[in-house]
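Please look over the model below before reading on.

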Amino acid sequence: MIYLVEEFFSIQGEGRHLGTPSLFLRFGGCNMRCEGFGTRVATPDGGEVIGCDTAYAVFKKAFGSAWKKISAVEELLEVVEKYALPYKADIVLTGGEPLLYANDSILAQFLKCVIERGHRVTFETNGAMDVDFERFPIYKACTFALSVKLENSGEPASVRLNFPALKKIISQSHDAFYKFTVPSDHLEGIAAEIKEIIAATEPIDTYCMPLSDSKKSLERACEQVIEFCKQNGYKYSDRLHIRIWDEIQGV
């Protein structure tokens, strides 16, 4: 069973393919909570959860009643087909954590179908879930945006850092790059963390983007993160969806 939280056709707002027209499929559930990010999200019952900026796709108890249950590959294909895309737009699988479903044959079948149709598929993942490239070789044709969580996420290293999984993804996938969420303070420690992660795997393109959940907070932090990238040799990634629409959901 796969849980689909939302789908929308927009542009990629982050990372290597920034600005590219993309169909996003956001899956429900995550192996982390990232309460250190401090984003407060109201729940349907009038409560509140604290976590990342997509907490509505993380906390099943609070939001799961609105998630759509997917029990067949045809249901995912219908989502793609209803947009009647006039060209082979990118398909981005995000969450939550989409690799929670890495061993689900429904997802593997879906990937095979859309890749055969000419779509580029990118997983936006925290990189802590293992991918079985031998059982499901279709993953070798996918791109992985590795948004590995840092200490500021509030998650312990034992949860957020899975170096065997990262090494496997980097070595066996079609393409992989790092995409770190960087706060505007404690940057010396953040720089050391990122260097340790890269040293434990291998150098690949590394993007850094501001920790932000609104246009105001993005504009406040972007110059500091740009300076951080200049000092450390990383690529700056804006967050276009926030800058343009001042939203984090459905864009």
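1. Burial is used here by cut-off: a residue is buried under 20% relative accessible area, exposed over 50% and partly exposed in between, with a 1.4 Å probe and protein chains only. Cys-208 is buried on this scale, with a relative accessible area of 0%. Cys-142 is buried as well, and its relative accessible area is 0%.

2. On the basis of the notes: this is a predicted model, in which local features need pLDDT of at least 70 and side-chain atom pairs count only at pLDDT 80 or more, while totals for chains, interfaces and linings use all residues. Residues are numbered from 1 along each chain as its sequence is written, and side-chain values use heavy atoms, with hydrogens and water left out.

3. How many disulfides does the structure hold? There are zero disulfides, a disulfide being a pair of cysteine sulfur atoms within 2.5 Å. Cys-142 is in none, and the nearest cysteine sulfur, that of Cys-113, is 13 Å away. Cys-208 is also in no disulfide; for this residue the nearest cysteine sulfur belongs to Cys-229, 4.5 Å away.

4. Nine strands form an open sheet with mixed pairing, in the order S5-S1-S2-S6-S7-S8-S9-S10-S11. Strands (E, at least two residues) are DSSP runs numbered from the N terminus, and two strands pair if DSSP finds at least two bridges between them. Strand S5 (68-70) and strand S11 (235-236) are the edge strands, each pairing on one side only. S5 pairs with strand S1 (residues 2-11) in the antiparallel sense over three bridges. Tyr-3 stands opposite Lys-69 in S5.

5. A search of the whole structure finds two cavities of 30 Å³ or more. A cavity is a set of points on a 1 Å grid over the protein atoms alone where a 1.4 Å probe fits but cannot get out, and its lining residues have an atom within 4 Å of a point. Points are joined across faces, edges and corners, and a volume is the space filled by probe spheres set on them.

6. The largest cavity has a volume of about 50 Å³. Its lining includes Arg-16, His-17, Glu-124 and Phe-177. Strand S7 (121-125) and strand S9 (175-182) each supply at least two residues of this lining.

7. The second largest cavity has a volume of about 40 Å³. Among the residues that line this second cavity are Phe-37, Leu-150, Asn-152 and Phe-180. Lys-179 lines the second largest cavity and also the largest cavity.

Notes. 1 Å grid on protein atoms, 1.4 Å probe; cavity = no way out; pocket = protein on both sides within 12 Å on 5 of 7 lines; lining within 4 Å. Helix = DSSP H or I, 4+ residues; strand = E, 2+ residues; numbered from the N terminus.
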